[in-house]
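Work through the exercises below with the model open. Try each task before reading its solution.

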Amino acid sequence: MSGRGLDWAGLMRAGLQGPGLGGLGLRPAEFWELTPAELALMLGVEPGAGAGAGVTAGAMSRSALGELMARFPDGPADKGVGDGHGRI
């Protein structure tokens, strides 16, 4: 993954600003309920084409997913079920 991170301000502008300003005109709750894939689809981003707003589209590699999971864990690794990585 790049060290730049996501352009949250750009993504929020794209999702929350009205259509007259180039955005989708979503309500905040609608925006935050979207998955990144849903937001990309609504913004017309094609896989591998680059997403604008600081996001690069395309498939995520296993190592990039592992890095993301390490940076943003869902919670304690030992929840009593599985191995802490979504596997049972």
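**Exercise 1. Contact range**

What share of the contacts in the protein with a separation of 6 or more is accounted for by residues 24 or more positions apart?

Solution. The model is a predicted one. Take the contacts with a separation of 6 or more. Residues 24 or more positions apart account for 27% of them.

**Exercise 2. Fold and surface**

List the secondary structure elements, then describe burial and surface.

Solution. Start with the elements: there are four helices and zero strands. Read from the N terminus, the order is α-α-α-α. Next, burial: of the 88 residues, 11% are buried. Last, the surface: the accessible area is about 6700 Å². Carbon and sulfur atoms hold 59% of that area.

**Exercise 3. The salt bridge**

Find the salt bridge and classify the exposure of its partners.

Solution. Count: the structure holds one salt bridge. Identify: Arg 27 pairs with Glu 30. Check the distance: the closest N and O atoms lie 3.2 Å apart. The cut-off is 4 Å, so the pair qualifies. In general, side chains of opposite charge can pair when their charged atoms come close. Now exposure: Arg 27 has a relative accessible area of 56% and is exposed. Glu 30, at 30%, is partly exposed.

Note on methods: Residues are numbered from 1 along each chain as its sequence is written. This is a predicted model: local features need pLDDT of at least 70, side-chain atom pairs count only at pLDDT 80 or more; totals for chains, interfaces and linings use all residues. Side-chain values use heavy atoms; hydrogens and water are left out. Helices (H or I, at least four residues) and strands (E, at least two) are DSSP runs, numbered from the N terminus. Buried means under 20% relative accessible area, exposed over 50%, partly exposed in between (1.4 Å probe, protein chains only). Contact means heavy atoms within 4.5 Å. Accessible areas come from the Shrake-Rupley method with a 1.4 Å probe; for residues, only the protein chains shown count as cover. A salt bridge is a side-chain nitrogen of Lys or Arg within 4 Å of a carboxyl oxygen of Asp or Glu.
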